[in-house]
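Please open the structure in your viewer and keep the selection tool at hand. The stops below tell you what to select next and what is there.

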Amino acid sequence: MTLENFYKHSQEEIVHLFRDFIEKDCFSQYPELKDKLSLVLTGSVPSNHYDRYSDIDCDLLFENESDRVMIKEVVKKYKMSLREQKLPIQLHSPMTFSELENSLTDWDHDSALREHAAALVVLDPHDRYKTIQSKIKWYPSEVLQEKIQWLFAESVFVFEDRLVVAVERKNNLYVRSLSLQIVKLLANALIMINDRYPVFEKHIYPSLRDLGENEFCTQIDLLLNMTETHEIQRSITDIIDTVEQRLIKAGFIEKQLREHWTQLRPKFQVEGCV
């Protein structure tokens with residue numbers, strides 16, 4: 001079992017493989033890091049969406065601000081070594097535990113919540129990370145509702161205020177760009193009503209498939225094969241209507257005129273969806 005072929009193995013096996021590699025390759029060169037860093041896997045491995053094209057994403061966390069300069073310099077050197085070895089590893093910029101905690105104390109940082117709720121612990125010498133992770137909670141109901149309403153309101157606004165005009169102007173590239181922006185917004189609304197954190201573009205389709213949102217996936221497939229701008233506009237209208245019915249049925253929104261949604265400004269938005 002090698003790092004180059006990590007994608008052929010289970011999450012548990014990848015964690016063991018990566019831990020052994022770091023112990024032997026990194027800490028043998030830089031023993032000063034051993035008791036100062038917690039390492040956790042984020043990205044495609046914890047989400048179970050990894051394949052032969054994926055990397056192993058690793059977050060690095062440390063306790064004392066006084067160690068920052070040393071840790072950053074050493075990690076920078078080690079990242080160069082990984083590049084020279086051409087290994088499928090992405091080490092993210094080190095952060096303190098306090099910085100991580102601050103990103104998790106409100107409901108604005110959806111990406112941090114998603115990544116660290118699911119992160120796989122590789123090394124955590126003093127259980128500092130595990131303590132933080134154990135405190136991560138799902139959105140309160142009122143926050144979740146506002147975020148989903150924002151996603152739907154933003155999709156309607158982009159459609160009414162921008163896409164319709166872009167179609168009339170025959171601005172094909174902009175029409176395509178706006179249609180994909182709307183799909184991203186509505187897809188994340190569906191993902192969130194299934195009690196999952198919102199995701200970036202590359203994980204939208206596999207996440208929807210995992211959740212059994214096959215009708216929406218079929219609508220996306222049809223949309224992607226369209227080239228005529230008025231046809232794209234009609235398709236987006238149907239997609240908005242489909243998601244609206246789902247959100248009404250799930251109790252997150254009520255039937256409203258389109259003007260209501262274009263003027264709505266919920267307090268909570270969804271990070272990465274604008």
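Predicted model: local features only at pLDDT ≥ 70, side-chain atom pairs only at ≥ 80, totals over all residues.

Residues are numbered from 1 along each chain as its sequence is written, and side-chain values use heavy atoms, with hydrogens and water left out.

**Stop one: two helix pairs**

Select residues 141-168, which form helix α7, together with residues 172-193, which form helix α8; helices here are DSSP runs of H or I with at least four residues, strands are runs of E with at least two, and both are numbered from the N terminus. The axes of α7 and α8 come within 9 Å and cross at roughly 165°, where an axis is a line fitted to C-alpha atoms, for helices over the stretch in contact, and angles run from 0 to 180 degrees between N-to-C directions. Because of that angle, α7 is roughly antiparallel to α8 (angles over 145 degrees count as roughly antiparallel, under 35 as roughly parallel, 65 to 115 as roughly perpendicular and the rest as oblique). The residues of the contact of α7 with α8 divide into 19 nonpolar, four polar and three charged; Ala, Val, Leu, Ile, Met, Phe, Trp, Tyr, Cys and Pro count as nonpolar, Asp, Glu, Lys and Arg as charged, and the others, Gly among them, as polar.

**Stop two: Asn188**

The side chain of Asn188 reaches the backbone nitrogen of Val199 at 2.8 Å. Leaving aside neighbours within four places in sequence, Asn188 is in contact with Leu151, Pro198, Val199, Ile204 and Cys273.

Now select Cys26 in helix α1, which counts as buried at 5% relative accessibility. Beyond neighbours within four places in sequence, Cys26 is in contact with Phe21, Leu33 and Tyr78.

Gln29 is in the loop between α1 (11-26) and β1 (38-42), and at 40% relative accessibility it counts as partly exposed. With neighbours within four places in sequence again set aside, Gln29 is in contact with Tyr78 and Ser81. The side chain of Gln29 reaches the backbone oxygen of Asp25 at 2.7 Å.

**Stop four: two loop residues**

Most residues other than glycine have a negative phi. Select Lys86, in the loop between α3 (68-85) and β3 (89-91), where phi is positive at about 55° although the residue is not a glycine. Lys86 counts as exposed at 72% relative accessibility.

Finish at Asp127, in the loop between β5 (120-123) and α6 (128-134), whose phi is near 60°, again a positive value in a residue other than glycine. Asp127 counts as partly exposed, at 38% relative accessibility.

Conventions:
Polar contact = N/O pair within 3.5 Å; in protein donor to acceptor, adjacent residues only side chain to side chain. Contact = heavy atoms within 4.5 Å. Buried < 20%, exposed > 50% of the residue type's maximum accessible area, 1.4 Å probe, protein only.
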